[in-house]
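Biologist: Please take a close look at one part of this model, the aromatic pairs and the helix packing around them. Keep it brisk.

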Amino acid sequence: MPPCGKDVPPDKTNVETLEEVQYSKALSLEFLNPSHSSPLRRTSFNAATFNLVATVIGGGVLSLPLAFAKVGIVLATIMMIFAAYITEFGLYILCSCARRTGSDSYMTIVRSAFGPGAEIIVTSILSIYLLGVLVAFQVLLKDIFAPLARAFIVHFIPSSIYSPGKNLDAIVLAFIISLISPLLVKRDLHSLRHFCYVGFFSVCVIVVSIAIKAYQRNFLGEIDHYPTYSGKYEVWEKAKVLYFTDDWDNAFFAFPFIVLAFLCAFNVVEVHGALENPTRTRVRSVLHTAIFTSLALFEVFGLVGYFYAYDECQGNIFLNFDASDKLIIVGRLGMGLTLMFGLPVSALPCKEAWLSIFPQIQKWLKDRQLEEETESLIRFESGISTDTYSTFNPSPSKSDDEKLLIDIPELIHKDSEHNQVINIIAAFFLQAFAFVVAISVPGIAVVWSVLGSSLSLLIGFAIPCACYLKIRQKKGFFRTNNLIAFLLLLFSLVMTFSCTKQAIKNINS
């Protein structure tokens, strides 16, 4: 013990620790956009949670029974819980990146972390992914409405007048796209944002309807046959419950379906930006409640679908039911309407992403040129290089105002964005491409397996983790969230390779 009454010398270790703490707090500054007290933050906790749940639940849920049939109900449940956990973590670190950088969207986070070059690459990835989503929406629309049209024709139109053939699917899909074509060229679809809630309630109706059908089949024996895609019926065989698959190829096939069902990385930053009192605890609670509410609904949907069709589950569970089934038709129509009006909502960011790639490249090249010219000018004026003048010769005809125009990338973007001709042409070609692919693929399982195995893992996990590690690199590597982000980054890259390989193998076979 020090002598009584004498000054105690400061503990050097404690001083350094205090300095480290202060430095760490300085690095933890947050830049909320909008600000914490902004009037733009008007979304309550419950509204934000439900918005996120309604965003998560979409057409991907219709393929979950197939995932259960492939890997078994135990392994599928484990995969669901794991997917929910990593999804919640991925969403949280995206919100954390937004708070650190003042970003208000997924793409601005990427630009803040890695610069405009990375933004171009990620925009290209998103463009391809969103085009795949358009294909998926059209496949689901075809699978939902074509059987209804076929049943209507068979019951009400004599076969001597018209007999539905293989081209009926393409005709129905083309008719649906033509109905919603005015919406496909609009630039503002804010009024359609509430249709995701129709999808949520449709899924709830479908769960109850399929549960009743599963009860009728397993306990009452009332259902002894099922429809095939060709319209014929086959007799149910007594099915054996699969708990855990012994074929790991099936696991690599099913995991992307489950991950894709939870994907909502594009929307979480906007939800975070509208949340009232956006403390970290409150944000975590919103994410946790939304993701695990979705998990509960997905788990029930997968189980009731599996216990109805067992190993006969198709990529779209509606294909396991007769089109005239009155118990299922309400949910079928609700999901069909959701997808109909969800197609323009998904087409808008897809179109904007494709149209923004070239302006982003132009801006990146001009910024690099401007940086090189500025650096050369600084060298010349500081006398570092006497040869600079011969290489750097700014045009005397350009005024400072003209140079400022080069620094405004929005001009090029606005020129293309407000050009109605380009807008219509882009919408037409994107929908035409999606239409050709949609009527060519054998089913939605092919589309989901490709999107889920490759792009969704990159967009949902690899890119957010890379951005988080880059933005927080000065905080030190050996922190819990940094370590989890690093492990999730490695896991997502390995699974992207493995699942994509399996998807290609399945397509070839």
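Modeller: Y306 counts as buried, because its relative accessibility is 1% and the cut-off is under 20%. This is a predicted model. The ring of Y306 pairs edge-to-face with F307. Their centres are 5.5 Å apart, with 65 degrees between the planes. F307 has 27% relative accessibility, so this residue counts as partly exposed.

The whole structure holds 15 aromatic pairs. Another edge-to-face pair joins F255 and F491, at 6.1 Å centre to centre and 85 degrees between the planes. F255 is buried at 4% relative accessibility. F491, at 27%, is partly exposed. Ring pairs also link a cluster of F50, F200 and F201.

Now the packing of α10. Helix α10 (residues 248-262) meets helix α18 (residues 444-471), their axes coming within 8 Å and crossing at roughly 65 degrees. The crossing is left-handed. On the α10 side, F253, F255, P256, F257, V259 and L260 make the contact. From α18 come residues including W448, L451, L457 and F461. By class, the contact has eleven nonpolar and four polar residues, with no charged ones.

For context, the protein has 19 helices and two strands. Of its 509 residues, 47% count as buried. Among contacts with a separation of 6 or more, 82% join residues 24 or more positions apart.

Terms used
Residues numbered from 1 in each chain as written. Predicted model: local features only at pLDDT ≥ 70, side-chain atom pairs only at ≥ 80, totals over all residues. Heavy atoms only, no water. Axes fitted to C-alpha atoms, helices over the stretch in contact; angles between N-to-C directions. Helix = DSSP H or I, 4+ residues; strand = E, 2+ residues; numbered from the N terminus. Left-handed = near helix turned anticlockwise from the far one by under 90°. Contact = heavy atoms within 4.5 Å. Nonpolar A, V, L, I, M, F, W, Y, C, P; charged D, E, K, R; others polar. Buried < 20%, exposed > 50% of the residue type's maximum accessible area, 1.4 Å probe, protein only. Phe/Tyr/Trp six-rings, centres within 6.5 Å; stacked < 30°, edge-to-face > 60°.
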